[in-house]
Amino acid sequence: KVVLTNCIFYKNTSQTSTTEISGSQVSFVNCDFVSNRTRTNRVVSTNNNASLTISNSIFFNNEKIVPNRGIYSVDSSEIQSSAQLTINNTITQVYDYGSTALLSMNPKFRDTSNVAGDDGFYFTADDGLQLMNPCSPGLNSGANAALNGVLKDVVGNPRIFGNTVDLGAYELQAAPLPIPKT
């Protein structure tokens, strides 16, 4: 079994799937799939009796080409599975599976136009794929049990701050603020 934790799949382009799993058992835990493009398939695809589990992850702004139109659309499912699929505590853009997928929610990233942050380096404290405090639905929305012993996030911070893990590769290192009333 392969377990990928604290991964970021960003701006990948593929004729088929940006991530294709064949005949294996794979788990994605606390991963971000953001702004990926495919032509004929989905961002994540399985076949040949593959088993896929997605936990505490975020799918956002992924696109598939619209047949016969030559344009990309986010209105297509980002996950295609011909085998066993389990999704828990995950934000998806259009994939409607079970009650623990946060369907069609904007994760409220800090800055998707500058993913590496002002310092120009990935996996540092100013990265744009960190969740916004207080507005992100991904704050404290994960399942701690899915971590399976992982103690750090993608930048080396404690994986759980407070009582519950955040969704995605980054853990906010502050208590969530109250959502302002408008």
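This is a predicted model: local features need pLDDT of at least 70, side-chain atom pairs count only at pLDDT 80 or more; totals for chains, interfaces and linings use all residues.
**Entry 1: the aromatic rings**

I started with phenylalanine 33, which counts as buried at 0% relative accessibility. Here buried means under 20% relative accessible area, exposed means over 50%, and partly exposed covers what lies in between, with a 1.4 Å probe and protein chains only.

How many aromatic pairs does the structure hold? I found six aromatic pairs. Rings of Phe, Tyr and Trp (its six-membered ring) pair if their centres lie within 6.5 Å; planes under 30 degrees apart are stacked, over 60 edge-to-face, and the rest tilted. One of the pairs joins phenylalanine 28 and phenylalanine 33, edge-to-face, at 5.2 Å centre to centre and 90° between the planes. Phenylalanine 28 is buried too, with a relative accessible area of 1%.

I then looked at tyrosine 122 and phenylalanine 123, which form a tilted pair with 6.3 Å between centres and 50° between the planes.

**Entry 2: the whole chain**

I counted zero helices and 16 strands in the protein chain. Both are DSSP runs numbered from the N terminus: helices are H or I with at least four residues, strands are E with at least two. The radius of gyration is 16 Å, close to the 16 Å that the globule rule gives for 182 residues, so the chain is as compact as a globular protein of that length. For my own reference, the radius is taken over C-alpha atoms and the rule is 2.2 Å times the number of residues to the power 0.38. The C-alpha atoms fill a box of roughly 45 × 35 × 35 Å along the principal axes.

Of the 182 residues, 44% count as buried. Among contacts (heavy atoms within 4.5 Å) between residues at least 6 apart in sequence, 60% join residues at least 24 apart.

**Entry 3: backbone details**

Where did I find a cis peptide bond? It joins asparagine 133 and proline 134, with omega about 20°. Proline 134 sits in the segment after β16 (101-103).

Next came asparagine 48, which has a positive phi of about 50° although it is not a glycine. Asparagine 48 lies in the loop between β8 (44-47) and β9 (51-55), and is exposed at 52% relative accessibility. Asparagine 148 also has a positive phi of about 50° without being a glycine. Asparagine 148 is placed in the segment after β16 and is exposed at 70%.

**Entry 4: isoleucine 87**

My last stop was isoleucine 87, in strand β14 (residues 84-88). Isoleucine 87 is buried, with a relative accessible area of 2%. How far is isoleucine 87 from threonine 53 in sequence and in space? They are 34 residues apart in sequence and 5.8 Å apart in space, C-alpha to C-alpha.

Conventions:
Residues are numbered from 1 along each chain as its sequence is written. Side-chain values use heavy atoms; hydrogens and water are left out.
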